[in-house]
Amino acid sequence: MVPSTATIERAYRVRLRLKPAQERVLLRLFGARRFVWNWAIRRKDEAWRADGTKLNAVALSREFTQLKASPETAWLAELPREPFNQTLRDFDKAWTNFFAGRAKRPRRKTFGTVMSARFTLDQRRELVDRYAGRVQLAGIGKVRFRVSEAMPGRLRSITVSRDAAGRWFGTFTADRVPAPDAGEATAAIGIDLGLKDVAVISDGVSSRKVAAPKHLAAHLRRLRRYQRGYCRQRDAAMVRQGLNPAKRIPKGTRIVVSNRMHRRKAQIGALHAKIGDQRRDHQHQLTSAAVDDAAVIAIEDLNVKAMARGMGRKAFRRGVGDAGLGEIRRQLAYKAKWHGRVIVTVDRFYPSSKTCSECGDIHTGLTLSDRHWTCAGCGTEHDRDINAAKNIRREGLRLLAEGTGPDGRTRRSRGTEAREEDTCAAGRTSPIGQPISLNRELAYRAATPRTTRQRRDGPALRVEG
Ligand SMILES: [Zn+2]
C-alpha cells in the first residue's frame, strides 16, 4: 500500500460537557440568533417597502452594529459576537438561494428551532486541546468535551448544538486531514437501499443484508403514542383556558403547560434522540462496510424530491424520510471520496426489482408485497432485494463500461430493446461527491416519453413492502 499524501476535509462530532452557566449562555445565544434572523427579515421587508432598497449583507451588518448599541437591544452585545456573523451570512445565503430559484423564501424562525451556534477557531491561537478534550470558545470560556477519537488535521470551526434530549454536542470541521489509506479493493458492489428494513449489498457472488436496528420500529410506535398523548394534553389545556383546540392559538396567548406535559415532552425528546442515534449508527455501519469492500459502488439514484411528489408528504416522511436515504447517499459520497472509490448512480427508472438477474426476463406481475418470486423465463427463485442488488451492480458496471463518463452526462441507451427497457436503461454515472443537478434531472425527464415513464418500477412501489 502506498501511503498517500492527499488530504481531505471532514468533521468530528464530540459530546460536550458544559457547566450550567455555559448552558445558560448558549441557550440565550441560540434564542438571540433567532431574534437576529427575524429582525433581519423584518428590516429587509421594511427597506424594500419603504423605497425599494435591497438591503445587502454589508448594509445589514452595519445596521446590526447599531442594533447592538441601542439601549433596548444592548443585551445582544453581552453575548458572543461570532455566531451572529454566521447568522447574517446564513441569512444572506438564504436570499441568494431564493433569488437563484434554489430555495424557498426565507421565513421567520419560530421558538426553539435554532439550536446551534458556530464558532470559528482562530488558527493563530491554541484554542483546542484535542488530547485533554478542551476547547476555548469566545464569550463562553473553556468547554470540556469527551475525546472519542483522534482528530487529526487543522480544526477550523466548532458548531455547538443541543439535541431533543438535552444533550450537547460539538461538531468540529477540519481540513488538511491525511486521507485514510484505501485498502486494496477490487470488488464492485450493488446496493439496494430498502426503505424500511434492510439494505442489501451484492458483490456479484454473494449478498448480505444489513438489517435496520433492532427495536427501531418499536421505538417509532412508542414515539407516535407519546406524541398523540401530548396532543391530547395540549387540547385539554386549551379547553381549560376556554380555547377551541381545532382552531389556531390566538397570537400572544400562552398555553399553561402542566408538569405532566413537561414530563411527556422530555420523554418525547429522549426518544427522538435515541432513534436518531440508532439511525446514525446504522447508516455509518452500512456506508463504511460498502466503502471498505469495493472499488466501485453502484446505488440507485432515488430522486427524493420526485418521490415526495408522487407519494404525498406523509407517506414520504414515513418511508423515505425515515430511512434517511439522503443521509446514506451523502455518507457514501464523502467516504468514497476519502478512499478513492467510484460511485455509479443507476437511474431510478431502471427496473431493478422485477428484472431477473439470471436471464434478464422482466417479471411484470411483481407486486409490492412479493418478497420472493420465481422467474418465468429460467425458473430461478429470487429474493426480491438480493435480486435488485445484483441488478443494480450489473447496471452500474454497464454504465461505467459504457463510459457515461465522470461528467455526469445523461445518456439514453440506444436501442432495439423493449420500450420499457429503453427508458429504464437510461442512466448516468456521477463523479464522487458531485450530485447530478436538478436541471439535468428535468432535462432527462423531459426527454423521456410520459407513457413509458408511468410504467416504472420506482422505489415508490417498494415503500409498503
Ligand atoms: Zn430468469
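Which residue in β6 is the bridge partner of S116? Before selecting anything, note that this is a predicted model, in which local features need pLDDT of at least 70 and side-chain atom pairs count only at pLDDT 80 or more, while totals for chains, interfaces and linings use all residues. Residues are numbered from 1 along each chain as its sequence is written, and side-chain values use heavy atoms, with hydrogens and water left out.

Select S116 and then S161, which is its bridge partner in β6. Colour next the strands, which are DSSP runs of E of at least two residues, numbered from the N terminus, as are helices (H or I, at least four residues). There are 7 strands in an open antiparallel sheet, ordered β2-β6-β7-β1-β5-β4-β3, where pairing requires at least two DSSP bridges between two strands. At its edges stand β2 (116-120) and β3 (128-129), each with a single partner strand, so one side of each has no neighbour in the sheet. Between β2 and β6 (residues 154-162), which run antiparallel, there are 5 bridges.

Turn now to the largest pocket, which holds about 1,500 Å³ of space. A pocket is an open set of points on a 1 Å grid over the protein atoms alone where a 1.4 Å probe fits, with protein on both sides within 12 Å along at least five of seven lines, and lining residues have an atom within 4 Å of a point. The volume is the space filled by probe spheres set on the points, which are joined across faces, edges and corners. Select T110, F111, G112, Y230 and K265, the closest to the pocket's centre of its 33 lining residues. Finish with α5 (259-293), which gives the most to this lining, with 7 residues.
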